[in-house]
Amino acid sequence: MQAQHTVIDRVDQVAEDVVSLVLRAATGPLAPWEPGAHIDLTLPNWLTRSYSLCGDPDDQERYRVAVRHDPLSRGGSEYIHHYFRPGRALEVSPPRNHFPLLPAPRYLFLAGGIGITPLLPMLAAAVAADIPATLVYVGRSTSTMPFAEGLRARYGDRVRLVATSEDGRPDLGTLAESLAPDALVYCCGPAPMIAAAQAVFPAERLHTERFRPAARTFAPNTPFDAVCARSGRTVPVAADQSLLDALKRAGYPVASGCREGVCGSCELTVLSGNPEHRDDIGAPAGRMYACVSRALTPELHLDL
Amino acid sequence: MTQTGVRPRRLSLAEVRERLGPPDALVEAKILDRIDEHFRRFIAHSPFLSLATADAAGRADCSPRGDYPGFVKVLDEHTLAMPDRPGNKIADSFRNLAENDGVGLCFLVPGVRETLRVNGSAYATDEPDVLARMHTEGREAEMALIIEVEQAYFHCGRALVRSRLWDPASQALADEMPTAGELVTSQLGWDVDPKVVDEGLEDAYHTLY
């Protein structure tokens, strides 16, 4: 994955605790992307953080992301809010998309807070293609909801803003009952909202993206062997070690980002063996994420 | 080494003060009682500090702490939080803090000659909202140290200038040192190949969290 060089063009406060960053290409056009894609920012404090692209996919000169200052920040969003200013050079990954907008005759978009970001270009694409689309955008109050005013102004009745401090939580059950049978639902928001959506919308028509891993428990780790087919080497992975760490230690240049199964930077191609997927991305067939996922078989054959 | 039985002469504080001259007024003025935005920026970029503690009798201890830059969180302008990562489990600092809560911290930022000194008091916590901010590489810190700031100040860079600490050429000094394996096997009189110890350490260094 080739890093792309950008310069921070603008930093704008777009809601309470939310800034939008516009990143300008520093060398040649930026890699293309489609709605739902995200990029990783490499921060000066060595952390890598993923943010959904929320600008215009046709603009090859600029990417836009929006970042909420998490009060429990480990150093990503806090750093961006305190220290990012226009003019700073920034390396970003090429876009990756784990949340692509599949063709459908109609859409329901469901956003919680900063979860609006991947849905913004989706809504724009649907409207541009004349496909009926509704956005239900939920937040504590409109002042905490980035882009809320602009959305209403631009898309009118297609956008329903729900401020929970005044309106309470939206009734997803009613939304699910009135959902057209051919509509797809795209939901991005905090864990409770995703859980609520999963409880009422048919699984095969619901697409979700989360910011942090879902709280889950797994069977105890067991050791396994990673057979690197291209280089003919076998790398043992100890029970207390991640596949990513074992491969890195053995000298394989596997990319890494969040290290918690959300961003997808460490994607590997599996040739044979059964991975135990522990990521929140939903690995496509033949792929796995080395930071969290392990093996159900004693060996995994990898395209490395 | 000094000659056996002959101790170097001990100076009184008055004699020391006489040799140093009066303290610089500017130096005293720059001591703050809180973490201002400049100190916060320093801490946000610091991957390393030394932590000094002492027991009830004043016996002192100093230990290194390091992680990604900004691993020490500024909770507010009077409060810092530092994760406790797996180390040697000796817990000297925690044992001292249980008896005597005074701490001194000296933060470094690679490439910066000035250091940030923070003095105050500290205690251990397992507060979930504090530990959540220290979650890294899929692991939580099990404990954190809360530091209540009483004094914070920049320490001038002469020590780092004289020591050429950030000059890449200074790393040639490492070539003159025994490896950790050579040192340990010699000190403990172990009859093992130092390389085995070094490889073991190298393994351990791959599990950082």
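Start by selecting Leu243(A), which is buried because 25 other C-beta atoms lie within 10 Å. Buried here means 20 or more other C-beta atoms within 10 Å of a residue's own, exposed means 12 or fewer, and partly exposed covers what falls in between, with C-beta atoms placed from the backbone. Before you go on: this is a predicted model, where local features need pLDDT of at least 70 and side-chain atom pairs count only at pLDDT 80 or more, while totals for chains, interfaces and linings use all residues. Residues are numbered from 1 along each chain as its sequence is written, with chains lettered from A and ligands numbered from 1 in the order in which they are written.

Now colour helix α7 of chain A, residues 243-249, where Leu243(A) sits. Helices are DSSP runs of H or I with at least four residues, strands are runs of E with at least two, and both are numbered from the N terminus.

Which residues is Leu243(A) in contact with, leaving aside neighbours within four places in sequence? Show Ala226(A), Val237(A), Ala290(A), Ser293(A) and Arg294(A); contact means C-beta atoms, placed from the backbone, within 7 Å. Ala290(A) is 47 residues away along the chain, yet its C-alpha atom is 5.2 Å from that of Leu243(A).

The bounds come from an automatic or database domain assignment.

On to the cores, meaning sets of buried Ala, Val, Leu, Ile, Met, Phe, Trp, Tyr and Cys residues joined through C-beta atoms within 7 Å. The largest nonpolar core has 83 residues, and Phe109(A), Leu119(A) and Tyr186(A) have the most contacts inside it. Its largest share, six residues, comes from helix α2 of chain A, residues 116-128. Click on Leu119(A): beyond four places in sequence, this residue touches Phe109(A), Ala111(A), Leu135(A), Tyr186(A) and Cys188(A). Apart from that core lies another, of 24 residues, including Cys263(A), Met288(A), Cys291(A) and Leu302(A).

Finally, bring up chain B. Here 16 residues of chain A are in contact with 15 of chain B. On the chain A side, α1 (77-83) and α7 are the elements giving two or more residues, and α1(A) provides the largest share, three residues.

Chain B itself divides into domain 1 (24-162) and domain 2 (178-204), with their C-alpha centres 31 Å apart.

Technical notes
Contact = placed C-beta atoms within 7 Å.
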